Amino acid sequence: MDTSSDRIANPWGTRTPYARGAPWPVRTDTHLREGVTEQDVERWVQAASLLHSNGDAMDIAVREGGIVGVRGRAADRVNRGRLGPKDLYGWQANASPDRLTRPLIRDNGRLVECDWDTAMDRITARTRSLLDERGPGSIGFYTTGQLFLEEYYTLAVVAHAGIGTNHLDGNTRLCTATAAEALKETFGSDGQPGSYEDIDHADTIALFGHNMAETQTVLWMRLLDRLDGADPPRLVCVDPRYTEVARRADVHLAPRAGTNVALLNALLHEIIRTDRVDRTYVEAHTVGFEELAARVEDCTPTWAADICDVPAAQIERAADLLGGARRLLSTVLQGVYQSHQATAAAVQVNNLHLLRGMLGRPGCGLLQMNGQPSAQNTRECGADGDLPGFRNWQNDRHVADLAAVWNVEPERIPHYGPPTHAMQMFRFAEQGSIRMLWITGTNPAVSLPELSRIRAILAQERLFVVAQDLFLTETAQLADVVLPAATWGEKTGTLTNADRTVHLSEKAVEPPGEARPDLDILLDFAARMDFRDKDGGPLIGWHDPESAFAAWQRCSAGRPCDYTGLSHERLRGGSGIQWPCTDEAPDGTARLYTDGISFAHPDVCESYGRDMVTGASVEPVEYRSLNPDGRAVIKAAEYLPPHEDTSEAFPLQLITGRTVYHFHTRTKTARAPELNAAAPDVWAEISPAEASAQGLADGDLVQVTTPRGAVRARLRTTAIRDGMVFLPFHYGYWDTPAGHRPPDDGPGRAANETTVTDWDPVSKQPLFKTGAARVTLVSRRAGGTGIRTETAENGS
């Protein structure tokens with residue numbers, strides 16, 4: 001049992017040290033409502049976290065029909081009983097008095113309550129009229145990273161084979177698109193090569209743009225316990241902020257924003273120069289080494305130091321640790337994914353592991369991490385636009401195979417071009433070709449870049465917006481129909497974390513009022529639309545979470561993400577299980593690529609790759625010529641300067657990120673008293689030197705301005721590199737008098753008032769870490785700020 005009394009002040013709890021190669025000890029974290037004891041709990045219901053991507057397993061405490069607390073599941077492979085602060089306290093949001101309990105429709109400019117038939121009839125009527133008048137390309141779906149697998153798969157079938165639209169994406173585009181694309185570029189398919197258990201075995205761990213201490217608190221607990229045990233691993237941290245991870249690192253590299261490719265090319269240069277390449281592995285399992293070696297030949301640490309503003313000696317020291325590792329684990333997150341040349345940089349981390357032969361063995365892992373709880377499921381199920389089961393839209397046999405699973409003609413599945421990514425969908429809506437946008441469980445009016453533009457798009461009279469959510473978010477306030485959804489603890493389904501572990505999360509209590517599970521809403525829509533297969537039968541033949549999971553099993557069979565050995569019953573009561581799980585691997589698969597590269601063959605691969613500069617899709621014949629035997633592709637990338645750089649008017653680099661206490665746009669975490677009190681309002685961070693140069697001090701009210709907008713926030717001076725300003729992205733307007741926008745269209749509190757409409761050419765992930773800004777004084781501090789001085793993540 002964790003005995004620490006304040007998991008806000010100490011998010012990681014007490015230590016349970018262990019040595020390399022030993023199992024991680026159990027520590028069961030529990031938090032119950034004040035006055036409730038474990039003896040008062042009537043039943044415990046199995047669940048898993050929906051407030052981060054670590055996939056921590058837990059049990060929900062139920063008493064008198066309500067949730068009264070949670071405890072970690074000691075038997076689970078992911079967390080061994082531990083929970084982070086968002087899980088310990090976030091469950092309280094379920095019982096918030098402002099939950100949506102009835103559908104709303106817009107009537108004379110106002111949202112008014114109605115019954116479900118009225119709301120769904122309005123949606124289906126608009127859908128049919130748009131299909132008749134403008135075709136399937138007039139309808140788009142923008143979903144979340146918090147649904148269950150069964151819901152994503154149903155949405156994918158509705159969109160792809162029911163409506164026939166290519167416009168389907170998730171807000172996982174903001175956090176995980178680069179992870180998926182980087183894995184496809186190197187290995188031919190999505191799917192994390194490594195496992196969380198690699199922390200137990202690694203002697204060197206490198207974290208690239210990943211403040212694990214705040215994004216995956218339980219994974220950081222695991223690493224802290226290794227660091228406090230015998231034979232601790234050495235740490236390399238790449239982050240422009242001096243985070244908790246940086247404090248524990250043997251080498252901390254703090255590069256200028258937008259220079260990750262230059263830094264990584266210098267590290268690869270040193271690995272090759274010092275002959276730390278596993279040439280036997282490279283020759284047996286890869287193509288492209290010669291091109292990479294030529295590309296990085298002149299990328300010396302001195303060259304990179306001038307670009308990144310990092311001492312060359314530090315780059316050399318980091319390369320020495322990476323090159324000398326016998327068991328290397330690397331993790332990557334938003335400091336790479338949301339920055340300039342995102343996919344190119346993430347691919348260079350893959351290259352590091354290929355050059356060193358560090359794959360497929362305990363401690364030799366690669367984790368291109370996720371930012372959202374069920375982001376992996378959006379990618380597997382095709383709810384991010386790609387085809388379900390990691391099928392390749394350019395491969396006619398893959399399309400035909402999927403069509404056979406769904407019993408439709410292949411031409412019914414859109415595969416005439418790349419799937420439409422989220423930013424392009426909003427551009428199409430802005431231009432008028434998309435006339436209906438169904439938004440599920442996400443809040444683009446706060447989370448997307450350049451918010452004044454996004455609000456204007458959503459407010460268009462010609463755009464019919466459906467918002468499906470728990471609360472009347474900033475986005476829901478602009479919608480034409482609002483559907484009240486059930487959430488975690490109120491419905492049953494499965495979700496998959498960043499290391500491919502599948503968990504079952506069961507219904508513990510009833511949803512409030514008339515709120516419905518997302519699966520039920522989608523099944524109702526499909527029935528009202530009367531979608532049919534080619535034989536005239538119902539396109540969607542399932543009716544509940546278990547039958548939906550069975551349908552997904554059939555779709556995943558034989559694909560890299562094979563779920564055929566799993567079921568709700570198999571996942572009930574024990575630990576989560578890693579896919580692929582089949583008759584041949586009944587206990588799941590800890591690591592991919594233990595015996596060479598499995599999914600890169602031209603007939604199997606999910607993608608033929610893209611050009612690193614333009615993002616153009618590689619043609620099938622070109623890929624077959626390059627990689628006929630299906631090896632891992634070592635893909636080189638040239639460093640290119642960011643599109644928006646600093647200037648006299650905007651002398652600082654702006655990055656955004658998260659705090660350990662909040663998730664996404666605070667719609668849940670701000671309704672948990674402990675979490676909200678820990679970080680109640682937006683702040684800005686600059687270095688002490690920057691503050692001194694401008695005569696600013698902690699607690700001053702400042703304005704952060706970019707060419708797109710401005711945010712007012714209280715100032716904190718922190719150990720961030722000079723020339724940079726940081727804003728947390730969580731804060732919007734739902735809990736302010738303005739409701740869904742800045743007051744009087746003046747400076748706001750949402751970081752994305754300031755961020756640029758730009759995205760990585762390969763992954764199409766928005767670049768939240770490449771803007772130029774200035775910081776000016778609004779008023780001097782008048783007493784305390786009321787804000788804790790916790791660190792915040794270099795990521796979203």
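A: Two strands are taken as paired if DSSP finds at least two bridges between them; strands (E, at least two residues) and helices (H or I, at least four) are DSSP runs numbered from the N terminus. The model is predicted, so local features need pLDDT of at least 70 and side-chain atom pairs count only at pLDDT 80 or more, while totals for chains, interfaces and linings use all residues. Residues are numbered from 1 along each chain as its sequence is written, and side-chain values use heavy atoms, without hydrogens or water.

Strand β18 joins strand β19 (residues 501-505) through four bridges in the antiparallel sense. Within this pairing, L495 has H503 of β19 as its bridge partner. The two strands belong to an open sheet of three strands, ordered β18-β19-β20 and paired antiparallel. Its edges are β18 (493-496) and β20 (577-578), each of which pairs on one side only. In the loop between β20 and α23 (620-626) lies P580, and the peptide bond joining W579 and P580 is cis, with omega about -5 degrees.

A second open sheet has seven strands in the order β6-β5-β17-β16-β15-β7-β8, with mixed pairing. Here β6 (110-113) and β8 (168-170) are the edge strands, each pairing on one side only. From one strand to the next the twist averages 20 degrees (axes are lines fitted to C-alpha atoms, for helices over the stretch in contact, and angles run from 0 to 180 degrees between N-to-C directions). Strands β5 (residues 104-107) and β17 (residues 481-484) run antiparallel and are joined by two bridges; I105 has V481 of β17 as its bridge partner.

Two helices lie against this sheet. Helix α2 (residues 116-133) lies across β5, β7 (139-143), β15 (436-440), β16 (464-469) and β17, and runs at about 130 degrees to β17. Helix α20 (residues 518-529) packs on the sheet by touching β15, β16 and β17, its direction making about 155 degrees with that of β15. Contact here means heavy atoms within 4.5 Å.

Helices also pack on one another. Helix α17 (residues 422-431) meets helix α19 (residues 451-458) at an angle of about 55 degrees, with the axes 9 Å apart. α17 is therefore oblique to α19 (angles under 35 degrees count as roughly parallel, over 145 as roughly antiparallel, 65 to 115 as roughly perpendicular and the rest as oblique). The crossing is left-handed (the near helix is turned anticlockwise from the far one by less than a right angle; clockwise would be right-handed). M423, F426, R427, A429 and E430 of α17 make the contact with R453, I454, I457 and L458 of α19. By class, these residues of α17 and α19 are six nonpolar, no polar and three charged (Ala, Val, Leu, Ile, Met, Phe, Trp, Tyr, Cys and Pro count as nonpolar, Asp, Glu, Lys and Arg as charged, and the others, Gly among them, as polar).

The axes of α8 and helix α14 (residues 342-356) come within 9 Å and cross at roughly 15 degrees, which means that α8 is roughly parallel to α14. α8 passes α14 in a left-handed crossing. Among the residues in contact are L264, L268 and I271 of α8 and V349, L352 and L355 of α14. The contact of α8 with α14 comprises ten nonpolar, four polar and one charged residues. In the loop between α8 (260-273) and α9 (279-285) lies D275, a residue other than glycine whose phi is positive, near 55 degrees.
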